[in-house]
Amino acid sequence: MAAHFDGKTVLITGAGSGIGQESALAFAEAGAVVIGIDRSSDGLSRTGERLEALGARFEALTADVSDEHSVAAAIAKAKSVTGRIDCAFNNAGITQSATLTADLTLEEWDRVMRINVTGVWLCMRAEIKLMQAQGGGSITNTASFLSYHSMVMQTAYAASKVALVGLTKNAAIEYATAGIRINAVAPGGIPTGMMAQSLSGLGHEQENAARQAIADMHPMKRLGKPREIAHAVMFLSSDEAQFVTGICLPVDGGWSAL
């Protein structure tokens, strides 16, 4: 049974590109009013153009998820669109350059943690308070296959995604009786701008080899597609998952089974 979101308002962070943009399209196609948050106004404009072509309602909010005041203002504006947020997808995140642990700078470590962990918590804090007032809702966070596996030169990113799973599970237990379901998805390798950034320190041949090596790590021997992650998020956000909370759902071509 396909999930439908007619009459629902869905908030997506990192909606200007990649998984966030594809999720915005998927939710809109399923009837939702979509509110997109991103640091990039250009990215949000591109997402808006794609949703406009569908005849969908899309509200773009430029905000920095790592900034407390920016998040508070964005969530307040999001609430004003329809008066509620039924589903939130906290997808905004960054990766790191391909750098060994001992060569990481404190600046880069702090930057990754600030956005990938603190940024998600700031969004969740505001979303939970709103959902408590309205009587419930669903939150999904973007974790990673690196929440459970390791990869050289990705220590800061992996650490942030491990922390995200703990954040998701603890919050889910705290609000399990409040009608608020909180879950995460753990994508495998997805060919987005983030993957390109994570391989940016490599030469062209090395980058191609790294992409192929990542694909080969999946039992399905391919990279995933942003829409495949979007569909998993839609399931966790839907009424079909009413008895699901506190999980991190791998969408990784079988990698987590190894």
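In which type of crossing does helix 3 pass helix 4? The crossing of helix 3 with helix 4 is right-handed. The structure shown in the following close-up views is a predicted model.

**Figure 1. Packing of helix 3 (residues 68–82) against helix 4 (residues 106–134).** Two packed helices are described by the angle between their axes and the distance between the axes. Here the angle is about 35°, and the axes are 9 Å apart. Helix 3 passes helix 4 in a right-handed crossing. Helix 3 contributes Glu68, Val71, Ile75 and Lys79 to the contact, and helix 4 contributes Leu122, Cys123, Arg125, Ala126, Glu127 and Leu130. Classified by residue type, this contact comprises six nonpolar and four charged residues, with no polar ones.

Figure 2. Strands of a sheet pair through backbone hydrogen bonds, either parallel or antiparallel. Strand 6 and strand 7 run parallel and are joined by four bridges. Within strand 7, Pro250 stands opposite Ala186.

**Figure 3. Strand 1 and its pairing with strand 2.** Strand 1 is largely enclosed by the rest of the structure, because five of its five residues are buried. In a regular strand the side chains alternate between the two faces of the sheet. Thr9, Leu11 and Thr13 point one way from strand 1, whereas Val10 and Ile12 point the other way, and all are buried. Strand 1 and strand 2 run parallel and are joined by five bridges. Thr9 has Val33 of strand 2 opposite.

**Figure 4. Helix 1 (residues 18–29) and its surroundings.** The 12 residues of helix 1 reach 17 Å from the first C-alpha to the last, close to the 16 Å expected at 1.5 Å a residue. Helix 1 is mostly covered, with 10 of its 12 residues buried. These buried residues are Ile19, Gly20, Gln21, Glu22, Ser23, Ala24, Leu25, Ala26, Phe27 and Ala28. They pack against strand 1 (9–13), strand 2 (33–38), strand 4 (87–90) and strand 6 (180–187), as well as helix 2 (41–54) and helix 8 (226–237). After helix 1 comes Gly31, which has a positive phi near 100°.

**Figure 5. Helix 8 and the elements that cover it.** The end C-alpha atoms of helix 8 are 17 Å apart, which agrees with the 16 Å that its 12 residues should span at 1.5 Å a residue. Its buried residues are Ile229, Ala230, Ala232, Val233, Met234, Leu236 and Ser237. The elements covering these buried residues include helix 1, strand 4, strand 5, strand 6 and strand 7.

Figure 6. Most residues other than glycine have a negative phi, and most peptide bonds are trans. Met153 is partly exposed, with a relative accessible area of 27%. Lys221 counts as exposed because its relative accessibility is 53%, and the cut-off for exposed is over 50%.

**Figure 7. Glu107 in helix 4.** Glu107 is exposed, with a relative accessible area of 65%. Glu107 and Ile94 are 13 residues apart along the chain, and their C-alpha atoms are separated by 14 Å.

Terms used. Residues numbered from 1 in each chain as written. Predicted model: local features only at pLDDT ≥ 70, side-chain atom pairs only at ≥ 80, totals over all residues. Heavy atoms only, no water. Helix = DSSP H or I, 4+ residues; strand = E, 2+ residues; numbered from the N terminus. Expected span 1.5 Å × (residues − 1). Buried < 20%, exposed > 50% of the residue type's maximum accessible area, 1.4 Å probe, protein only. Contact = heavy atoms within 4.5 Å. Axes fitted to C-alpha atoms, helices over the stretch in contact; angles between N-to-C directions. Left-handed = near helix turned anticlockwise from the far one by under 90°. Nonpolar A, V, L, I, M, F, W, Y, C, P; charged D, E, K, R; others polar. Pairing = 2+ DSSP bridges.
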